[in-house]
Amino acid sequence: MNKQTLLDYIRAGHEIEFKWNDNMYSITQGIINGQQVISFCQFYKESTEVHSPEELLKIKRYNTTVLEMIQSISEKDMWIY
């Protein structure tokens, strides 16, 4: 998936789940302390919350950004709700 399509999905409020390196990750949105946030986490691990889609794409896990993770997988390893 290219960067612009991913940003469009996030801005539209879609939840995204994907498999990368045999682990499952999620991108969800919600409200914490009255502020809209975008949350990224590996399933069942601590999440990272940010306030913009651009910040989300820069989050790193294992020296790889969220954008790099998503660009490296095929569509069969991604679920968009």
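**View 1. The β1–β2 hairpin turns through Asn21 with a positive phi near 50°.** Two residues sit between the strands of this hairpin. Helices (H or I, at least four residues) and strands (E, at least two) are DSSP runs, numbered from the N terminus. What we're looking at is a predicted model, so local features need pLDDT of at least 70 and side-chain atom pairs count only at pLDDT 80 or more, while totals for chains, interfaces and linings use all residues. Residues are numbered from 1 along each chain as its sequence is written, and side-chain values use heavy atoms, with hydrogens and water left out. β1 and β2 run antiparallel and are joined by five bridges; strands count as paired if DSSP finds at least two bridges between them.

**View 2. Glu17 has a partner in β2 and another in β7.** Over in β2, the bridge partner of Glu17 is Ser26. In β7, Trp79 stands opposite Glu17. Strand β1 covers residues 16–20, and three bridges join it to β7, again antiparallel.

**View 3. β2 and β3 make another hairpin, with Asn33 in the turn.** Here, too, two residues lie between the strands, and Asn33 has a positive phi of about 50°. The antiparallel pairing of β2 and β3 extends over eight bridges.

**View 4. Five strands build an open sheet in the order β4-β3-β2-β1-β7.** The pairing is antiparallel. β4 (48–50) and β7 (78–80) are the edge strands, each pairing on one side only. From one strand to the next, the twist averages 20°.

**View 5. Helix α1 lies across β1, β2, β3 and β7.** The helix spans residues 3–11 and runs at about 140° to β1; axes are lines fitted to C-alpha atoms, for helices over the stretch in contact, and angles run from 0 to 180 degrees between N-to-C directions. At the N-terminal end, Asn2 caps α1, with a side-chain oxygen 3.1 Å from the backbone nitrogen of Gln4 (a polar contact is a pair of N or O atoms within 3.5 Å; within protein, one must be able to donate a hydrogen and the other to accept it, and residues adjacent in sequence count only if both atoms are side-chain atoms). After α1 comes Gly13, whose phi is positive, near 90°.

**View 6. Leu6, Leu7 and Ile10 are the buried residues of α1.** They're on the same side of α1 because they cover an arc of only 100° around the axis, taken from the directions from the helix axis to the C-beta atoms. Buried means under 20% relative accessible area, exposed over 50%, partly exposed in between (1.4 Å probe, protein chains only). Their cover includes β1, β2, β3, α2 (53–58) and α3 (66–71).

**View 7. Ile10 is buried, at a relative accessible area of 1%.** Not counting residues up to four places away in sequence, Ile10 touches Ile16, Gln29, Ile38, Pro53, Leu56 and Leu57; contact means heavy atoms within 4.5 Å.

**View 8. The largest nonpolar core has 20 residues.** Such a core is a set of buried Ala, Val, Leu, Ile, Met, Phe, Trp, Tyr and Cys residues joined through side-chain atoms within 4.5 Å. Phe18, Ile27, Phe40 and Leu56 have the most contacts inside it. α3 gives the most to this core, with four residues.
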